[in-house]
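Dear colleague,

I am handing over the structure below, which you have not worked with before. After it you will find an account of what was found, taken one part at a time.

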Amino acid sequence: MPTGESREFSKSKWKGSCNQFMENLFDFQSLSLMYGTVVGVNDLQLSLPKGAYALIGPNGAGKSTLIGLITGSLRPTLGSLSVLGENPRRSSTFQQRIGVCPATELLVHGVTSKQWLVLLIRMCGWSKRLANQRADEVLEQVGLADARNQCIHTYSLGMRQRCKLAQAIAHEPELLILDEPFNGLDPIGRHQMGDLLIDWAKSGKSLLLASHVLHEVERITDSFLLIFGGRLLASGTTGELRRLLADLPQDIIIQSETTDRLASLLAEKPWIRALHRDKQANRLVLTVDSPMQLYDALANWASSGTVSIERISGSDGDISTLFKLLISRHRGERAYRNTGAHS
Amino acid sequence: MSLKTTPTNISELSGTTNPNNPLGGSLIRLLKAVPGVIEYELARSFKPARIAMFLMMILIPTALLISVAYQVPEQLKNDQQTNLVFSMLLYALVPQILTMLAMLVLASPIVHTEIEGQSWIYSLVRYQGRRALLLGRYFVAVLWTSCAGVVVTSISVPFLPLNQPLQTWGTISLLCILASLAYGALFALIGVLFQKRVMVISFLYALVVEGVLAWLPAVINQLTIAYRLRSILFRWVGLDGDRLFQSNELVQNGMVAADPTGWVQIVWVLAISAGLLAIALWLVETIQYSFQSEL
């Protein structure tokens with residue numbers, strides 16, 4: 001089950017805003033999918049308005065399964081879902097409204113990107129002339145115009161990723177779904193792909209982006225769905241995630257000339273779970289249940305001159321830290337020492 | 001790079017769909033998509049490997065037929081029995097073995113190669129994409145195989161000791177096309193049903209059902225494609241069908257070949273092909289394929 005915080009958190013903003021829209025992007029009702037005895041997606045309950053979302057989770061978290069359900073490629077074992085107000089497996093018009101860029105390598109041999117795109121556009125029912133025209137347009141958009149008559153298997157990885165993106169947007173879908181679009185891209189390619197997706201999101205169309213490259217995801221959207229073990233751990237905006245992070249137990253390192261005094265003050269506090277003093281480095285390593293209370297206390301002590309603080313480092317709202325914390329909590333772990341929280 | 005949205009409406013561009021009439025829209029979309037797949041597959045086909053395979057498909061049976069014909073003594077060349085043997089040999093080698101094996105290789109793995117090649121997902125997320133792909137690749141396979149069969153027949157017939165070479169050429173060529181359609185539909189259906197070892201399953205089916213069962217003098221052989229093709233052969237290839245049907249008890253009882261005219265058998269073969277293809281087209285949209293690693 002998602003944590004109490006994440007449930008409340010997911011409802012706080014999006015549930016309210018859902019009422020303003022006639023047609024949600026996603027409506028999941030107890031959505032579950034089993035692969036035999038293995039759980040792919042577990043009891044997802046979520047309603048989201050149209051917009052851009054990042055689906056974050058480690059390998060095997062259920063991202064691809066969820067995308068399979070959203071695209072209608074997989075059938076839910078239990079529960080139901082609607083995407084853009086339609087049942088993906090029953091609607092005759094649904095596939096026209098989505099574009100999918102899968103994570104897998106593009107292994108098309110002996111055909112040019114234009115031939116391949118024309119095929120996929122014509123598969124949507126477009127006439128040959130218009131499919132050719134649209135293929136040229138979209139290849140121009142993704143920066144492959146000069147390589148349109150080059151065989152795909154001779155492309156670099158970045159070019160193949162752009163080619164995959166081209167087929168996803170070629171029929172002008174309302175919802176673009178991308179699974180790990182940054183895989184294998186060099187820094188310039190990543191930046192360009194990020195720009196493309198930012199433009200897409202700005203155009204008012206919906207986007208679902210599954211990725212583990214967190215800082216690039218943050219650049220594109222500030223709305224996140226954190227998934228692990230087929231369950232939704234948390235969802236919300238960057239701001240909400242930061243607030244959630246502030247309330248979660250985490251490791252904090254304090255650099256101070258008065259570590260003795262600070263340690264004795266902190267040791268009395270009930271929200272300190274663990275405290276380690278490194279005398280040589282003049283620092284304290286804390287595991288804190290309630291970071292907000294710690295920050296309040298430190299501010300008071302520092303302003304009254306009781307202690308001097310040179311530097312505080314720890315979780316700063318970084319999504320990766322939050323994710324690790326949420327997974328730890330989800331797993332029922334009591335200790336959060338190995339969260340790797342650093343500023 | 002920047003994304004622009006083109007102002008044109010998709011429905012306008014494609015000129016296809018009426019959202020209020022999904023059935024009509026579906027059919028039109030499918031009919032528009034299939035030629036796209038055929039063009040794409042044909043463009044991909046004209047590669048050295050495929051052309052080499054095509055040449056092998058032509059050369060091996062042609063060489064075999066001509067070399068056997070070359071061994072026939074001159075005095076036996078106009079014999080009725082020789083005519084029967086060579087008609088049967090031509091039929092067995094071309095519409096039966098060549099066409100069946102070629103369709104097995106080309107039609108069975110239609111879905112499997114897409115899944116293996118990680119390109120299945122691109123068809124999955126296009127409405128009617130799977131059907132268009134199946135139909136398009138099926139027609140391309142039929143085209144290649146029929147062409148190979150007709151070419152082999154056309155080259156071989158002038159060298160064979162046949163009483164009515166033109167009639168035999170026409171019948172065997174027609175049988176090549178019918179066999180391609182029917183075996184293509186059969187193997188496409190097997191390919192849709194089975195995702196693993198599809199070639200092995202298809203081969204075993206071809207061997208057991210079309211190879212052995214089709215020749216058993218029992219009612220069950222009437223369910224095979226080979227039985228229908230053979231019936232057309234007996235009627236039309238200049239074997240004096242009436243005499244054959246009257247002289248042999250097994251034939252008379254419809255155990256080896258069906259008695260009705262060749263046209264009825266053609267309708268049978270076309271109906272079998274359409275039926276198998278319709279089932280394959282229905283299944284390919286409804287089966288949930290295990291392509292999980294693809295997404």
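Directly after helix 2 of chain A comes A:G72, which takes a positive phi of about 90°. Please keep in mind while reading that this is a predicted model. As for helix 2 of chain A itself, 9 of its 9 residues are buried, so the helix is largely enclosed by the rest of the structure. The buried residues include A:K63, A:S64 and A:T65 towards one end of the list, and A:I70 and A:T71 towards the other.

**The sheet of chain A**

Chain A holds an open sheet of 6 strands, which follow the order 5-6-7-3-8-9 with mixed pairing. Strand 5 (98-101) and strand 9 (231-237) of chain A stand at the edges, and because each has a single partner strand, one side of each is left without a neighbour in the sheet. From one strand to the next, the twist averages 15°. Helix 2 (residues 63-71) of chain A packs on this sheet, where it touches strand 3 (52-56), strand 5, strand 6 (175-179), strand 7 (206-211) and strand 8 of chain A, and its direction makes about 155° with that of strand 6 of chain A.

Strand 8 (residues 223-228) of chain A runs antiparallel to strand 9 of chain A, and the two are joined by 6 bridges. Within this pair, A:F228 stands opposite A:R231 of strand 9 of chain A. Another helix, helix 6 (residues 187-202) of chain A, lies across strand 3, strand 6 and strand 7 of chain A, and runs at about 145° to strand 7 of chain A.

**Helices 5 and 6 of chain A**

Two packed helices are described by the angle between their axes and the distance between the axes. For helix 5 and helix 6 of chain A, the axes come within 11 Å and cross at roughly 15°. An angle under 35 degrees counts as roughly parallel, so helix 5 of chain A is roughly parallel to helix 6 of chain A. The crossing of helix 5 of chain A past helix 6 of chain A is left-handed. On the side of helix 5 of chain A the contact is made by A:Q161, A:R162, A:L165 and A:I169, while helix 6 of chain A contributes A:Q192, A:M193, A:L196, A:L197 and A:W200. By type, the residues of this contact divide into 6 nonpolar, 2 polar and 1 charged.

Helix 5 (residues 157-169) of chain A also holds A:R160, which counts as buried because its relative accessibility is 14%, under the cut-off of 20%. Leaving aside residues up to four places away in sequence, A:R160 touches A:E105, A:L106, A:I152, A:H153 and A:Y155.

**Chain B**

Chain B has 13 helices and 0 strands. Of its 295 residues, 52% count as buried, and among contacts in chain B between residues at least 6 apart in sequence, 78% join residues at least 24 apart.

One residue to look at here is B:A107, which belongs to helix 4 (residues 80-107) of chain B and is buried, with a relative accessible area of 0%. Not counting residues up to four places away in sequence, B:A107 is in contact with B:G184, B:F187 and B:A188. B:A107 and B:S180 are separated by 73 residues in sequence, while their C-alpha atoms are 9.8 Å apart in space.

With best regards

Conventions: Residues numbered from 1 in each chain as written. Chains lettered and ligands numbered in written order. Predicted model: local features only at pLDDT ≥ 70, side-chain atom pairs only at ≥ 80, totals over all residues. Heavy atoms only, no water. Helix = DSSP H or I, 4+ residues; strand = E, 2+ residues; numbered from the N terminus. Buried < 20%, exposed > 50% of the residue type's maximum accessible area, 1.4 Å probe, protein only. Contact = heavy atoms within 4.5 Å. Pairing = 2+ DSSP bridges. Axes fitted to C-alpha atoms, helices over the stretch in contact; angles between N-to-C directions. Parallel < 35°, antiparallel > 145°, perpendicular 65-115°, else oblique. Left-handed = near helix turned anticlockwise from the far one by under 90°. Nonpolar A, V, L, I, M, F, W, Y, C, P; charged D, E, K, R; others polar.
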